[in-house]
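Open your viewer and get ready to select things as we go.

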Amino acid sequence: MAQIIISIAVVCIVLLLFSRPRRRDGLAPEGGSRLKNTLAILMVKSGTKSRPEWQSISLSDERVPVPEGVQEANYNDSFVFQGSDNQGNVLLTRLGFRGGGKEAEVWMWGAFAGECYANDNRFVKLTSGDAPDAIAAAGLSYKLVSEGEWKLTYKGPLNGMPADVNLNWKADAAMYCSADHMDPKGTALAMAEMPWSREYFQRIRSEKQIRIEQGGILTGTFKVDGNTYNVNMRGIRDHSWGKRDWTYLNRYLWTVLALEEGMEIAGIKVKYLAVSPVDYGDSFKRLASGWVAGDDVVLPVSYTTDLIEVGGDGVIPGRFTLQFRVPGSQLLTLEVKRRQPEMPWMVQGDGFEINEAWCGISLSGVKGFGLSEFGYAIDRGYSRPFEEDGKN
């Protein structure tokens with residue numbers, strides 16, 4: 001009798017370990033079997049304890065040279081400043097250093113009062129005469145003034161016309177760092193959804209990168225072709241460094257937002273947030289990324305709406321809904337109205353498109369505004385048409 005009871009118990013334990021739990025809220029990732037989820041969590045936590053020195057928040061304000069063991073060809077050191085307001089004005093500027101600092105991707109884009117301006121010279125070859133530590137190229141420069149404060153300048157053409165942009169960015173919230181704040185459980189469940197093999201883990205180990213993001217105030221002037229626009233915006237500073245091979249990505253959505261009034265989420269008063277579901281190809285099919293931040297505390301986004309439900313047909317929607325959770329929160333619902341069409345950028349030999357647009361949002365009834373960025377791999381079968389209230 002005892003042997004029968006033991007046998008039944010063993011069978012039940014085995015069935016439990018290899019069963020696959022389901023999330024009741026319908027968010028992704030869901031993970032794999034209980035055993036696979038547990039193993040993935042242990043691996044992710046182990047990895048965070050042994051990360052190399054170059055994956056440190058201490059490097060958030062400076063150029064980061066190619067670390068040992070990272071291929072120069074796919075190394076990316078990218079700085080972004082973004083702002084918007086509730087009147088529909090939006091600005092984004094980026095300096096991305098590629099190829100071991102031998103070339104730069106240069107973006108300066110602003111949409112003001114219905115007019116859209118963008119720079120023409122977006123890919124620049126750098127020479128030995130360019131300062132290796134300077135965050136500057138093709139007339140665009142970012143300089144750290146003091147802790148949490150930057151000076152941004154651009155002198156060059158926008159839409160082929162002379163422009164002079166002078167901006168200040170000042171931190172206004174806690175800083176998110178992927179190495180320190182990303183939820184190990186959410187990342188592990190995304191890993192557990194994937195088929196495991198030696199090649200899979202080699203791929204994961206090779207894709208080392210880090211990202212910081214922080215909410216702040218963007219002020220100054222944007223002058224182009226005799227017009228002067230006064231900038232008073234709220235937005236996000238972003239610095240990412242490490243391996244960046246766009247061909248590994250199928251698609252992603254990056255929505256960075258400022259709330260018009262503070263909102264309590266999981267015990268903190270949130271001012272800024274980012275919600276970013278990612279289809280990272282053969283690495284993570286359903287990875288949830290992002291954060292919510294108040295003055296001193298930041299929490300990671302652990303689970304989101306499955307990205308296939310938002311533009312999965314290759315058409316960027318004018319309206320969409322994202323649901324998500326952070327640790328300790330209830331289910332949060334983000335309603336987004338995206339202005340269409342807006343600003344496309346092509347990267348990595350025109351193999352990947354990044355499309356920016358101003359958006360207005362409602363987060364569980366609280367209004368806000370920000371930037372909606374869709375990224376699509378061209379060779380994954382996605383197209384570029386836009387959808388605006390049913391019209392292309």
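A note on names before you click: helices (H or I, at least four residues) and strands (E, at least two) are DSSP runs, numbered from the N terminus. You're looking at a predicted model, where local features need pLDDT of at least 70, side-chain atom pairs count only at pLDDT 80 or more, and totals for chains, interfaces and linings use all residues. Residues are numbered from 1 along each chain as its sequence is written, and side-chain values use heavy atoms, with hydrogens and water left out.

**The whole chain**

Show the cartoon for the protein chain: there are 5 helices and 21 strands. The radius of gyration (taken over C-alpha atoms) is 22 Å, close to the 21 Å from the globule rule (2.2 Å times the number of residues to the power 0.38). So for its 392 residues, the chain is as compact as a globular protein of that length. Along the principal axes, the C-alpha atoms fill a box of roughly 90 × 50 × 40 Å.

Now colour by burial. Buried means under 20% relative accessible area, exposed means over 50%, and partly exposed is in between (1.4 Å probe, protein chains only). Buried residues are 54% of the 392. Contact means heavy atoms within 4.5 Å; of the contacts with a separation of 6 or more, 62% are between residues 24 or more positions apart.

Select residues 198-206, helix α5. Which of its residues are buried? They include Tyr200, Phe201 and Ile204. Look down the axis of α5 and these buried residues fall within an arc of 90 degrees (from the directions from the helix axis to the C-beta atoms), so they line one face of the helix.

Hop over to α4. Here 7 of the 9 residues are buried, so α4 is largely enclosed by the rest of the structure. Select Gly186, Thr187, Ala188, Leu189, Ala190, Met191 and Ala192 to see its buried residues. Their cover includes α2, α5, β14 and β16 (303-304).

**Pockets and cavities**

Some ground rules first. On a 1 Å grid over the protein atoms alone, a cavity is a set of points where a 1.4 Å probe fits but cannot get out; a pocket is an open set with protein on both sides within 12 Å along at least five of seven lines; and lining residues have an atom within 4 Å of a point. Grid points are joined across faces, edges and corners, and a volume is the space filled by probe spheres set on the points.

Start with the largest pocket, which holds about 1,500 Å³ of space. To centre on it, select Ser178, Met182, Glu207, Gln209 and Phe284, which lie nearest the centre among its 50 lining residues. That lining has 24 nonpolar, 14 polar and 12 charged residues; Ala, Val, Leu, Ile, Met, Phe, Trp, Tyr, Cys and Pro count as nonpolar, Asp, Glu, Lys and Arg as charged, and the others, Gly among them, as polar.

The second largest pocket has about 320 Å³. Of its 20 lining residues, Arg63, Gly100, Gly101, Lys102 and Pro132 are closest to the centre. Strands β1 (75-84) and β2 (90-98) each supply at least two residues of this lining.

How many cavities of 30 Å³ or more turn up in the whole structure? The search finds 2. The second largest cavity has about 40 Å³, and its lining includes Ala28, Pro277, Lys285 and Asp306. β14 gives the most to this lining, with 4 residues.

Most residues other than glycine have a negative phi, and most peptide bonds are trans. Zoom in on Ala28 and Pro29, which are joined by a cis peptide bond with omega about 0 degrees. Pro29 is in the loop between α1 (2-18) and α2.

Next, pick Asn159, in the loop between β8 (149-158) and β9 (161-177). Its phi is positive, near 55 degrees, and Asn159 is partly exposed at 38% relative accessible area. Last stop: Asp350, in the loop between β19 (343-347) and β20 (352-363), where phi is also positive, near 60 degrees.
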